[in-house]
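Subject: Structure handover

Dear colleague,

I am passing the structure on to you below, with my notes on what was found in it after that. Please read the two side by side.

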Amino acid sequence: MANILFLGTCSGTEPIEGMHHSSMVIEINGLYYWFDAGENCSRTASEMGVNLLKVKSIFISHTHMDHVGGLGNLLWNIRKLTRLGKGLPPENKIPVFIPNMDSWNGIMSVLKNSEGNFVCDFEVVAEQPSDAMIYEDENIKVYGVHNGHLPVTAYGEYLSYSYIIEAEGKKIVYSGDLGSLSDLEEIVKDGCDILICETGHHKVDDVCCFSERKQIPILLFTHNGREIINDRQNAEKRLLESHCQAHICYDRMIFDISKNCIAESRE
Ligand SMILES: [Zn+2]
C-alpha cells in the first residue's frame, strides 16, 4: 500500500482558511517519507493517523518559511513522543535533507533552547542534497535535482531542489518551487508517472500543456497559488480539458499511488 498524504497545499500566502503551507508525506508499508514541512504539518499528519515515530526520512526542497515553518515542530513532536515512551524512530535515526545549513542551524538553535536541550534518544542527521541518488531503502529511492528557484551561492551551493522519487514501481516527480517551468525540462527529461507540481509561480494551463507535451499521465497540483485560491472552480474546469488525469490537491487529500486515484480521506 502506498499513498501520498497532502498535509498542506498552499503556497506562501498569508493565513487562508482551510489551507496550510506546503507539506506532503509518502506512506509506504506503514513508514513515512516527508517532503517539505510547512506550518502545522506534524499536527495535521497526526490527525490523519500518521504515527510520527514511523518517519523514515525528511526531504526539504528549500528553506523558505512556507516549506520549513513546521520542521522544528515536527522534530520536537517526534522527540516528545520518544520521551513519553511511545517508541523510537526506525533505526533510531532520521536523515534530514536540507539545502541551506544556516537555516538548519537556526532551527536546531530554537530546538536546543527549547525543553531538554533537544537531547534525543535517536539521531537527527542533516545533509545537503545533491544532483544524485541521495536516499535508498527497502521502499523508496530519492534523487535530488537542483532547480532555479533560488540563486546559486558564492560557494557554488544550490539552495533549491526538486526530488525524483521511485516507489511502488512508479517514478514520481515533486517539483518543490521552481524558477520557471523550463526547470522541469531537465527534471522530467526521461518522463515520469506522476508529476506533483507547484502552481504558486505558474499558470495552471502552462503546467497542463507541459505535462501533455511530456505525456505525463497524472498531474497533481500543490503549493497552490492565487489563480487557484481565487477561482478554484474555473481552474478545475480547465483541468477537464487536459489530456492528463489532473487534480488540484487540497489539504488532507490522499492520493493512492498503487491505484492511481484519490483515496477516501480519513479524518
Ligand atoms: Zn513556496
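Helix 6 and helix 8 are roughly parallel to each other, a word used for angles under 35 degrees, whereas those over 145 count as roughly antiparallel, 65 to 115 as roughly perpendicular and the rest as oblique. Helix 6 (residues 204–213) packs against helix 8 (residues 232–240) at an angle of about 20°, and their axes are 10 Å apart; axes are lines fitted to C-alpha atoms, for helices over the stretch in contact, and angles run from 0 to 180 degrees between N-to-C directions. Helices (H or I, at least four residues) and strands (E, at least two) are DSSP runs, numbered from the N terminus. Where the two helices meet (contact means heavy atoms within 4.5 Å), Val 204, Asp 205 and Cys 208 of helix 6 face Ala 235, Arg 238 and Leu 239 of helix 8.

Please keep in mind that this is a predicted model, in which local features need pLDDT of at least 70 and side-chain atom pairs count only at pLDDT 80 or more, while totals for chains, interfaces and linings use all residues. Residues are numbered from 1 along each chain as its sequence is written, and side-chain values use heavy atoms, with hydrogens and water left out.

Leu 71, Gly 72, Leu 75 and Trp 76 in helix 3 are in contact with Trp 104, Ile 107 and Leu 111 in helix 4. Helix 3 (residues 71–83) also lies across strand 3 (31–37), strand 4 (55–59), strand 5 (93–97) and strand 6, and runs at about 165° to strand 4.

Those strands belong to an open sheet of eight, in the order 6-5-4-3-2-1-14-15 and with mixed pairing, where two strands pair if DSSP finds at least two bridges between them. Strand 6 (123–127) and strand 15 (261–263) stand at the edges with a single partner strand each, so one side of each is left without a neighbour in the sheet. Strand 1 (residues 2–8) and strand 14 (residues 254–256) run antiparallel and are joined by three bridges, with Leu 5 opposite Ile 254 in strand 14.

Finally, the structure holds 16 salt bridges, each being a side-chain nitrogen of Lys or Arg within 4 Å of a carboxyl oxygen of Asp or Glu. One of them joins the side chains of Asp 137 and Lys 56 (2.9 Å, N to O).
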